[in-house]
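Q: Please take a close look at a single part of this structure. Walk me through it in short steps.

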Number of protein chains: 2
Amino acid sequence: MIAEIVSVGTELLLGQVCNTNARFLAQHLAELGIDSYYQQVVGDNRGRLADALRLALARSDLVITTGGLGPTEDDLTKETVAEVLGLELVPDPATANRIRGLLCAQGSRILESAVAKQSLVPEGAEVFPNPVGTAPGLGVAAGGRVVVLLPGPPAELKAVVREHVLPWLEEMLATGGTSSALAAARARKFLCSRVVKVCGLGEPAVEEALGDLVRSVNPTVAPLVTTGETHVRVTAAAGSKEEAGRLAGEMAELVASCLEPHVFGYDDETLPSACGKLLRAAGLTLALAESVTGGLVGHLLTEVPGASDYFERGVVVYSNRSKTELCGVPDGLLRAHGAVSEPVAVAMAQGIRERSQTDLGLSLTGIAGPTGGTSTKPVGLVYVALAGPGGVRCERYVFAGGRSVVKLRAAQRALTLLWERLRLGVDTPATGVDRDGVSGGPAGAEGRHRG
Amino acid sequence: MIAEIVSVGTELLLGQVCNTNARFLAQHLAELGIDSYYQQVVGDNRGRLADALRLALARSDLVITTGGLGPTEDDLTKETVAEVLGLELVPDPATANRIRGLLCAQGSRILESAVAKQSLVPEGAEVFPNPVGTAPGLGVAAGGRVVVLLPGPPAELKAVVREHVLPWLEEMLATGGTSSALAAARARKFLCSRVVKVCGLGEPAVEEALGDLVRSVNPTVAPLVTTGETHVRVTAAAGSKEEAGRLAGEMAELVASCLEPHVFGYDDETLPSACGKLLRAAGLTLALAESVTGGLVGHLLTEVPGASDYFERGVVVYSNRSKTELCGVPDGLLRAHGAVSEPVAVAMAQGIRERSQTDLGLSLTGIAGPTGGTSTKPVGLVYVALAGPGGVRCERYVFAGGRSVVKLRAAQRALTLLWERLRLGVDTPATGVDRDGVSGGPAGAEGRHRG
């Protein structure tokens, strides 16, 4: 079965919103083993929408539209689909009542003309009730094709797809459904993707380590660089879900074995959740002293449920006074070396560890920019230090990019340092040489993509 | 002139990445006054890409492709465009040298076969050098049409577009260029968008306040809800850039006058930057005590350049011990009311203000979930308190959503409370009744979209 997403909305053509709906749908279609060769975007224009639908119906078995189901005159997806398929629109009283109920619960005014428009459905359509909005999703089979109409607001689309459309498609794929086009679905390919996640290793080093694996045809192996991490996506295709899963799993293991010891997790694992697992397993607690990142490291760590088990506290020491008062950084040290310096980063990490009585103290100080840089201390200069029972390690980086990017890269690097130290065991001496200066690394690695 | 974006890449069809390139290009086309009726997405398949290109060339004057310019066999956009336009590919030595120089600077190996493939260009093409990657952009005019080829990695695409393609298109539009198709460009429409940003007012209240303005045809007026904020986008079309700007500006003022006193800014203004402006203008300093948000409020405030002028420090008091040690919250208060309570939120705000010697102290405590909720203190319960010279105000919310959403909504609400207080003047008594409990608000407002 071949599917095609037709996204309807002038806001997409104007670039006012990003087409996250298409991505969400494409992901789920791939997971169901449904192929897709094309996507289209078209504005709120009846003639052009009809052309796009005819093109999609000529080359795809399942056409999924998003948007244009609202109550206003601009919203014409339902009307155009019915016209193209030669179907009448008929009132659906159950939908009308659901819309009235929703408006009432929200304390909104009920406009009967809007209710009447939104509760019209193509004859014979399957209605997918919308739990969070007024426009229901619709499923229509005609002429050997299936058309699914979905509301445009992402929260509504996701709810309707998860609650109704995915089970409906699964059922159709399993039984061959009511539409002859769906018989072809039995010949479908199942896809399974796994992601192997690596930190502390740039893309060139990852590619070097993977060698010829990146040329594998099934599963495919594709490295992707994100800020401070490299993700290797493995995608397998097979005749059954289980077989695709087995193939992808085996390749993911192979990929991971090439990248050890830098693999921090798989699939939905994040660097903060990987750190959290190691902290919890070792029964360790952590305190943070952030300057340049302004709270970002704490924010990332506390995105993980249960972070309070190991994250005791953080301080955002944005002023010199707060560095002294909250981390005990001596005033003389600040005057001698400046707030952005190795001695201050080390004193922050040690100070927050001692004052919080935690096992580990992690600190960051730097210059996020755009101003404040000098020739010896440029914008992007960041010191990251980790104090633990085995000593202190301090690293120096100069990150490229704007303020937000420098903050994010610094936070990622701090989490990488933490994860690497936890992996080795915190009692290990911090390094052969304490406070080892390391420059560049992740900053340089990120420019490298292929065109 | 009509433009059409053709995005090339199987990763888009599989939903592995979101099509941010299409959005970026669409925005810039709209700003240049170039209309767009369709967008297409197609995988790395020569036959289907050729079909998509032929369709686009049949209905659009300017076709912009993204992706498929890399060095591997999968990358076939350039080859397919040349085939469809009937052009030869010829080596471009200047591009080859630029690629070698870039690889050398990155310390990457130079593979001459890859250099040779990436430096081939269609005969007569305009080459747009890529400052951050190996694949250059290309501009080709043939058969009365213009095709622009762009590399797929977003950072490369943006750099090539900003540095080369936009000026090139501007020039073409101004002079009629070399292509007959471009003569039509003189009849183009210019668009200008302005965004009016509102906090502390839900979408229904915004719509009520705007009344019939949302039915305006030119400029259009469209409210859009984001987490804790409502943005009203005004888009005007006119025969000149200046006229579009004037129309949009006048309507934005009208919209703002309907929404006063809730308008915190326009266009790129963010709630943290709006707070920062008010803090700086009043010469006030701020300290934070975050529990539930884990550092997110500090992170958001420090995204603004120069935040150190007014943001003195923050503490992330994730444990009871840290609430007592860093904010002076009495142990008895924590035992009597629990960490998530109005008295503790108030004590945190007052404590951090006193200990930091700042003008304002802002605190948050709550239950982000997914666990830790009870029947009287459910997941999503958050107290936000602001202490200042005029007293303390504490608000209570129950936010819907997962852990990240609760954190984000709580942070937005804290910033809204701060902005509202700064707008009124911090010396004003905090409220008629101190510590006024307010429930629901933004949490409820967000479910409402139209389909």
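**A loop residue and a sheet in chain B**

A: Start with Asp427(B), which sits in the loop between α15 (403-424) and α16 (442-445) of chain B. Keep in mind that this is a predicted model. Asp427(B) has 11 other C-beta atoms within 10 Å. A residue counts as exposed at 12 or fewer, so Asp427(B) is exposed. Which residues does Asp427(B) touch? Setting aside neighbours within four places in sequence, Asp427(B) is in contact with Pro389(B) and Gly390(B). Now compare sequence with space. Asp427(B) and Ala411(B) are 16 residues apart in sequence, and their C-alpha atoms are 23 Å apart.

Next, the sheet. Four strands of chain B form an open sheet, in the order β10-β11-β9-β12, with antiparallel pairing. The edges belong to β10 (220-226) and β12 (263-266) of chain B. Each has a single partner strand, so one side of each is left without a neighbour in the sheet. From one strand to the next, the twist averages 25°.

β10(B) is joined to β11 (residues 229-238) of chain B by 7 bridges, and the two run antiparallel. Strands of a sheet pair through backbone hydrogen bonds, either parallel or antiparallel. For Thr226(B), the bridge partner in β11(B) is Glu229(B).

Methods: Residues are numbered from 1 along each chain as its sequence is written. Chains are lettered from A and ligands numbered from 1 in the order in which they are written. This is a predicted model: local features need pLDDT of at least 70, side-chain atom pairs count only at pLDDT 80 or more; totals for chains, interfaces and linings use all residues. A residue is buried if 20 or more other C-beta atoms lie within 10 Å of its own, exposed if 12 or fewer, and partly exposed in between; C-beta atoms are placed from the backbone. Two residues are in contact if their C-beta atoms, placed from the backbone, lie within 7 Å. Two strands pair if DSSP finds at least two bridges between them. Axes are lines fitted to C-alpha atoms, for helices over the stretch in contact, and angles run from 0 to 180 degrees between N-to-C directions.
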